Amino acid sequence: MKGDSSAASYIHLVHHLIEKCLIFRMSKEECMEALSKNANINPIITSTVWNELEKENKEFFKAYKAKMSQSEIEDKRLSEEETKCVSAEEIIVSDSPKDSSDD
């Protein structure tokens, strides 16, 4: 019985840590990596618990994945816009006349 209690406690801990990852908007892979590095939890355990949570909370994970996909699209768009702005700034700076006091 003690082994069952210990295993249940461990699974509960992993469940709790996955919820923390969700708060930080991590993907399953990011969560697996973070828990492996920071909590020494085998990625297979994290993946298994994550999969069970997905089965039990289908609607939540459907919405979560949709939100994550939308965020990725927005992040990519913003990154492209930032790149365009930086490139434009570099062009403007390189084409601007030199300080006239140099003459």
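At 37% relative accessibility, Glu 52 counts as partly exposed. That label covers the range between buried (under 20% relative accessible area) and exposed (over 50%), computed with a 1.4 Å probe on protein chains only. Glu 52 sits in helix H3, which spans residues 43-56. Helices (H or I, at least four residues) and strands (E, at least two) are DSSP runs, numbered from the N terminus.

This is a predicted model, in which local features need pLDDT of at least 70, side-chain atom pairs count only at pLDDT 80 or more, and totals for chains, interfaces and linings use all residues. Residues are numbered from 1 along each chain as its sequence is written, and side-chain values use heavy atoms, leaving out hydrogens and water.

**Salt bridges**

How many salt bridges does a search of the whole structure find? The search finds three. A salt bridge here is a side-chain nitrogen of Lys or Arg within 4 Å of a carboxyl oxygen of Asp or Glu.

| Pair | N to O distance |
|---|---|
| Lys 37 and Glu 33 | 3.1 Å |
| Lys 55 and Glu 52 | 3.2 Å |
| Glu 54 and Lys 65 | 2.7 Å |

**Glu 52 and its partner**

Glu 52 forms a salt bridge with Lys 55. Both residues lie in helix H3, three residues apart, so about one helical turn separates them. Lys 55 is exposed, at 55% relative accessibility.

Lys 37 is exposed, with a relative accessible area of 64%. Glu 33 is partly exposed, at 45%.

**The pair between helices**

Is Glu 54 buried or exposed? Glu 54 counts as buried, because its relative accessibility is 17%. Lys 65 is partly exposed, with a relative accessible area of 46%.
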